[in-house]
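Have a look at the sequence and the fold, then work through the notes below.

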Amino acid sequence: MAENSETQNPTEPLPKMDEEFDPKTMRKTKPGIKRLIMILTVLSSFILGFPFLLKTIEIYRSPLPFHDIDSLSKTLQSNPLLIPCRFQVIYLGFDAAKKLDEQKLGFMINEQMVKLTGGNPICGGCGNDYTVSVTVDSSNVCNRSLNVENSCFWRCGSIDLSGNLNGNDEEIDEMLYSVLRGNENCESSGGKVYSVVVLNKEDDDVDGFRVVVGKYRHAWLVGKLEGIGAVSSIANVFVKFFMNGGKEEGISKNEFMPVGADGRVVLSFSLLNANPQDWVYDWDFRKIDEDLLAPVVEALAPIANLTVESQVLYHTPKSSFSSWDAKLSSYVFRTKDLPFFVNSNEWHLDTSIAAGGRSKVLQFVVYIPSSEECPLRLQLPSGKLSTTNGFISPMWGGVIVWNPPRCFRSSKNMQPQKYTLTSEDLEELLEVSLGQLRQLFGLKSNNLYVGESGMSNVLSSDRGFTEWELDALSRQHTCFNLHSCATTLGSLSRLVQSLPRMIIKDEIGKQVKFSLEAANLAQTNTSRGSYKASAVSSRQARALAEDAFFHPSIMSISYYSFEHCFAVYTPFFLPVALHVLLAAAKEWRRYKQERTKYFMWISKKKVE
């Protein structure tokens with residue numbers, strides 16, 4: 001590139017060289033800037049293209065409400081989830097001359113309930129802020145300990161003591177339900193109302209009293225009673241049954257329930273023929289499902305989405321051994337053999353398509369032994385035979401051993417005989433299976449409870465679960481679901497914040513948002529005492545949280561660290577970028593030197 005702005009004519013004589021001009025330190029022409037502009041242009045293109053490069057390798061991350069997630073976790077940890085409950089006691093048949101002090105009775109019952117609960121509120125319980133209303137209803141007196149809504153509590157004069165309470169327990173239960181059914185509409189005004197009716201019968205020949213817990217939300221004490229003498233039994237019924245669902249230890253937030261993370265439970269019923277060469281049994285399970293299992297599925301609908309399936313399997317021997325007991329005239333297997341009874345190699349039980357994902361499958365197996373070990377009985381540690389001839393495996397299901405009526409095979413018949421279980425047999429098997437299902441949910445399988453106040457008789461429901469048991473399960477399920485939701489969302493929050501390159505799609509953000517909304521709705525419903533609504537909302541909150549945490553995009557390989565990204569792109573761009581930077585620095589240094597020479601020449605000309 002020419003350094004002089006003027007071109008010399010070769011025909012003209014050359015000017016004389018200035019003796020004071022030093023070409024090493026001076027120059028007479030202004031240095032050009034074309035080379036500088038070119039190199040700066042290349043450098044600028046690299047600088048301007050760097051943000052576009054970062055944009056091309058950017059990982060999309062939907063914003064997550066980290067503050068709301070932390071707030072939910074802190075709220076559940078600091079404040080136990082308490083669901084309001086209301087209790088009322090009705091004294092009937094007491095002589096007005098005794099003048100029962102309803103205020104004192106209410107205080108004593110409340111104090112006894114605090115002693116039974118330990119005074120420490122537990123998650124999913126009724127807490128300590130519950131009300132106990134006492135009503136003394138006699139022929140001409142009606143006194144209440146609290147000023148409450150008449151529509152939600154006992155209406156004096158509702159029962160004729162002369163004849164209404166002389167029937168059997170089922171009739172009394174239905175009669176009390178017809179009187180107290182108005183409480184069903186009081187849920188939104190402070191929780192369910194649980195009632196205990198204390199019926200005094202002075203003409204009863206038997207001393208003491210009897211405790212009966214109905215299948216709805218009431219119980220009654222019948223016998224020769226004194227007002228203060230029944231306080232302990234009343235408080236025990238309120239705490240043990242209506243609060244804790246019949247559990248001695250109460251409910252716990254850490255107690256796992258047999259419900260899948262997606263809120264679904266598959267009840268899988270299997271009929272196993274150990275050796276089809278002896279006999280082959282089948283069943284009409286569709287009739288069982290429609291007539292007997294449908295009410296159970298409907299009753300547990302707020303807690304879990306239940307589906308039912310069935311199958312018949314053949315050649316399914318058990319893994320454990322049995323021995324002949326001459327005294328019992330049967331083959332027996334003992335409780336120590338139960339862990340080895342289920343033959344996982346031969347029992348192909350998990351065949352449900354609906355059981356995929358995070359649904360929970362509960363197996364209910366009816367095992368028909370072969371002729372070589374029939375009849376087969378379960379011997380308890382006490383030496384007695386099991387009345388149900390079955391057992392449960394927590395979080396797995398239950399097994400029932402059903403012995404055919406005739407435990408021998410005729411040698412004349414070369415082909416095995418085919419049978420179908422009768423309706424009576426199916427009802428008995430289903431009754432045992434429902435008892436096993438109750439045990440899997442933490443409830444007792446029978447209807448007799450023995451406590452400090454004596455034996456209590458609990459009426460069973462056609463749906464397999466009483467109303468107060470469903471209330472306790474709903475409260476327990478709500479507590480467990482909300483804590484599980486908060487734990488899952490907290491883990492997701494910490495994982496996302498620890499991996500800045502993790503992909504977070506909009507679908508995950510929406511699931512987290514809807515999960516928090518459902519959790520907040522569940523908390524609102526619990527504060528209002530809406531048991532079923534809170535159970536449904538908490539189940540949705542947990543399911544959405546699990547869906548967000550186990551979203552397929554989270555398991556992608558694209559959320560590598562920034563150090564990994566730097567290591568991948570550096571071999572491609574660093575050599576070129578280094579040469580451009582060095583060239584720009586070299587050209588800028590040369591331009592400054594040449595400009596300095598030019599200014600030296602200009603300053604000398606001015607001096608002359």
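How many residues does the hairpin that joins strand 5 to strand 6 run through? The hairpin goes through four residues. Keep in mind that this is a predicted model, where local features need pLDDT of at least 70, side-chain atom pairs count only at pLDDT 80 or more, and totals for chains, interfaces and linings use all residues. Numbering starts from 1 along each chain as its sequence is written, and side-chain values use heavy atoms, with hydrogens and water left out.

- Strand 5 (residues 209-213) and strand 6 (residues 218-223) pair antiparallel over five bridges; helices (H or I, at least four residues) and strands (E, at least two) are DSSP runs numbered from the N terminus, and two strands pair if DSSP finds at least two bridges between them.
- Within this pair, valine 211 sits opposite leucine 221 in strand 6.

- Five strands form an open sheet in the order 9-7-12-15-14, and the pairing is mixed.
- Strand 9 (305-314) and strand 14 are at the edges with a single partner strand each, so one side of each has no neighbour in the sheet.
- From one strand to the next, the twist averages 15 degrees; for angles in general here, axes are lines fitted to C-alpha atoms (for helices, over the stretch in contact), and values run from 0 to 180 degrees between N-to-C directions.
- Strand 7 (residues 264-273) runs parallel to strand 12, and nine bridges join them.
- Serine 268 has glutamine 363 of strand 12 opposite.

- Strand 10 and strand 11 (residues 330-334) run antiparallel and share three bridges.
- Two partners across that pairing are in strand 11: serine 330 for aspartate 325, and tyrosine 331 for tryptophan 324.

- Most residues other than glycine have a negative phi, and most peptide bonds are trans.
- Serine 329 has a positive phi near 55 degrees, in the hairpin of strand 10 and strand 11, which has four residues between the strands.
- Cysteine 374 and proline 375 are joined by a cis peptide bond, with omega about 0 degrees.
- Proline 375 belongs to the loop between strand 12 (360-368) and strand 13.

**Helix packing**

- Helix 8 (residues 467-498) packs with helix 10 (residues 531-549) at an angle of about 25 degrees, and their axes are 8 Å apart.
- That angle makes helix 8 roughly parallel to helix 10; the cut-offs are under 35 degrees for roughly parallel, over 145 for roughly antiparallel, 65 to 115 for roughly perpendicular, and oblique for the rest.
- The crossing of helix 8 and helix 10 is left-handed, which means the near helix is turned anticlockwise from the far one by less than a right angle (clockwise would be right-handed).
- Residues in the contact of helix 8 with helix 10 split into 11 nonpolar, nine polar and five charged; here Ala, Val, Leu, Ile, Met, Phe, Trp, Tyr, Cys and Pro count as nonpolar, Asp, Glu, Lys and Arg as charged, and the others, Gly among them, as polar.
- Helix 9 (residues 506-528) and helix 10 cross at roughly 160 degrees, with axes that come within 8 Å.
- That makes helix 9 roughly antiparallel to helix 10, and this crossing is left-handed too.

**The largest pocket**

- The largest pocket holds about 900 Å³ of space; a pocket is an open set of points on a 1 Å grid over the protein atoms alone, where a 1.4 Å probe fits, with protein on both sides within 12 Å along at least five of seven lines.
- Grid points are joined across faces, edges and corners, and the volume is the space filled by probe spheres set on the points.
- There are 33 lining residues, meaning residues with an atom within 4 Å of a point; the closest to the pocket's centre are Glu431, Val432, Leu434, Gly435 and Ser445.
- Helix 6 (285-299), strand 14 (390-393) and helix 7 (423-440) are the elements that give two or more residues to the lining.
- Helix 7 gives the most, with nine residues.
- By class, the lining has 13 nonpolar, 14 polar and six charged residues.
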